[in-house]
Amino acid sequence: MMFRRVKPETTTGISIVNHVKSLIKKLLMVFGWGTIKLMRLSAPIRKRINPRTLVTAHLFRSGNPRHPNAKAFIEVLGNFDGRPLQILETGTSAWGADSTRLWDEYVRYAGGHVKSVDIRSEPSEQLKGRLSRNTHLEVGDSVAFLQRLADKSELADLIYLDSFDVNWQDPEPAEIHGEAEFKIAMGMIRVGGIILIDDTPTPEVAAQNGICPPNTREEGSFRFRGKGARAFRLVEQNSNFTIFFHDYAVAFKRIK
Ligand SMILES: C[S@@+](CC[C@H](N)C(=O)[O-])C[C@H]1O[C@@H](n2cnc3c(N)ncnc32)[C@H](O)[C@@H]1O
């Protein structure tokens, strides 16, 4: 009987491909890191920060060059024309776009402050020594965090809501939490400011990302699911807000 030695060759082939992929990823990370360093060095002679360069270099550095929020981050930061920002974030850098370091990098150049909260202490421990003095991290529940700042009449230019992880088989708990955050955020955002919510894909983008949440179709039209799902109804009833951007994440802008 003859046996063909298919498996070892295939395994070797796959392992070479994986090695090459991992090498390319590392090279891109070094490239992103180098670009960020160069941007920092040239900051004093730069007129203005370029959001596309910043977001791309940041995502390369974090090993996430194809992150689905790349365009949302570029559009949202572009809205502010390089001016100083007060940024609030729920869900500190973890298994996402490493967002806290992106906002921190922005305020290093343009000025402003970042406040970020996470219910776990690991994200802030991992970021120790890697952020500027303009960024302040807290450990706790995001709704309590926002409420405490709102009670002190704090305002923000950009609020990024990315806490309670979505279970796409049962997105409702994350939607309820997202609604509680959004209601407080609506009262804290300045005119011209943006509330950006992660994990709220349009049906097309959901399909592209292999996400198929339940009950997306309602009375012949699509209903969004995810962290920002319930924000749509609140914005429909409030003429101060408009949808600024929507693909994987959704951004609402306060227009008056
Ligand atoms: C998707 S990750 C955040 C990713 C991060 N924004 C990034 O870009 O890397 C979600 C985070 O929310 C945190 N989280 C979950 N429930 C929370 C809550 N009630 N309050 C604050 N943080 C919470 C989790 O611990 C987790 O680190």
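Which residue's side chain does the side chain of Glu 172 meet in a salt bridge? Keep that question in mind as you browse these views of a predicted model; the view of Glu 172 comes with its answer below.

**Figure 1. The whole chain, with nine helices and nine strands.** Welcome to the overview. Along its principal axes, the C-alpha trace spans about 80 × 55 × 30 Å. Of the 256 residues in the protein chain, 46% are buried. Among contacts with a separation of 6 or more, 72% are between residues 24 or more positions apart. The chain exposes about 13,900 Å², and carbon and sulfur atoms supply 55% of that area.

**Figure 2. Glu 172 and Arg 230 meet in a salt bridge.** Here is the answer to the opening question: the partner is Arg 230, at 3.1 Å from N to O. Glu 172 lies in helix 7 and Arg 230 in the loop between strand 7 and helix 9, so the pair ties together parts that are 58 residues apart in sequence. Glu 172 counts as partly exposed, at 38% relative accessibility. Arg 230 also counts as partly exposed, at 25%.

**Figure 3. Lys 227 and Asp 162 form a salt bridge between two loops.** Their side chains meet at 2.5 Å, N to O. Lys 227 sits in the loop between strand 7 (221-222) and helix 9 (231-236), while Asp 162 belongs to the loop between strand 4 and helix 7, so this pair ties together parts that are 65 residues apart in sequence. Are these two residues buried or exposed? Both Lys 227 and Asp 162 are buried.

**Figure 4. Asp 157 and Arg 190 link two strands.** The closest N and O atoms of this salt bridge are 3.3 Å apart. Asp 157 is part of strand 4 and Arg 190 part of strand 5 (residues 189-197), so the pair ties together parts that are 33 residues apart in sequence.

**Figure 5. A network of salt bridges joins five residues: Arg 40, Arg 61, Asp 104, Glu 105 and Arg 108.** This view shows charged side chains linked with one another. The total count in the model comes to 17 salt bridges.

**Figure 6. Helix 6 has buried residues on one side.** In helix 6 (residues 142-151), look for the buried residues Ser 142, Phe 145, Leu 146 and Leu 149. They cover an arc of only 90° around the axis, which puts them on the same side of the helix. Why can residues spaced along a helix point the same way? An α-helix has 3.6 residues a turn, so residues three or four places apart point the same way. The cover over the buried residues of helix 6 includes strand 1 (85-90), strand 2, strand 3 (135-139), strand 4 (156-161) and helix 7 (172-188).

Figure 7. Ser 153 belongs to the loop between helix 6 and strand 4 and is exposed, with a relative accessible area of 61%.

**Figure 8. Asp 199 is another residue with a positive phi that is not a glycine.** Its phi is about 55°. Asp 199 is found in the loop between strand 5 and helix 8 (203-208). This residue is buried, with a relative accessible area of 12%.

**Figure 9. Ser 116 is a buried residue in strand 2.** The strand covers residues 112-118, and Ser 116 has a relative accessible area of 0%. A polar contact of 2.8 Å joins its side chain to that of Thr 92. Leaving aside neighbours within four places in sequence, Ser 116 is in contact with residues including Glu 89, Gly 91, Thr 100, His 136 and Phe 145. Phe 145 is also one of the buried residues of helix 6.

**Figure 10. Ile 16, Val 20 and Ile 24 make a nonpolar surface patch.** The patch has an area of about 260 Å². Ile 24 is placed in helix 1 (residues 6-42) and counts as partly exposed, at 45% relative accessibility.

How values were computed. Residues numbered from 1 in each chain as written. Predicted model: local features only at pLDDT ≥ 70, side-chain atom pairs only at ≥ 80, totals over all residues. Heavy atoms only, no water. Patch = residues over 30% accessible without salt bridge, like charges linked within 9 Å, V, L, I, M, F, W, Y side chains within 5 Å. Areas by Shrake-Rupley, 256 points an atom, 1.4 Å probe, with all protein chains shown as cover. Salt bridge = Lys/Arg side-chain N within 4 Å of Asp/Glu carboxyl O. Helix = DSSP H or I, 4+ residues; strand = E, 2+ residues; numbered from the N terminus. Buried < 20%, exposed > 50% of the residue type's maximum accessible area, 1.4 Å probe, protein only. Polar contact = N/O pair within 3.5 Å; in protein donor to acceptor, adjacent residues only side chain to side chain. Contact = heavy atoms within 4.5 Å. Arc of directions from axis to C-beta.
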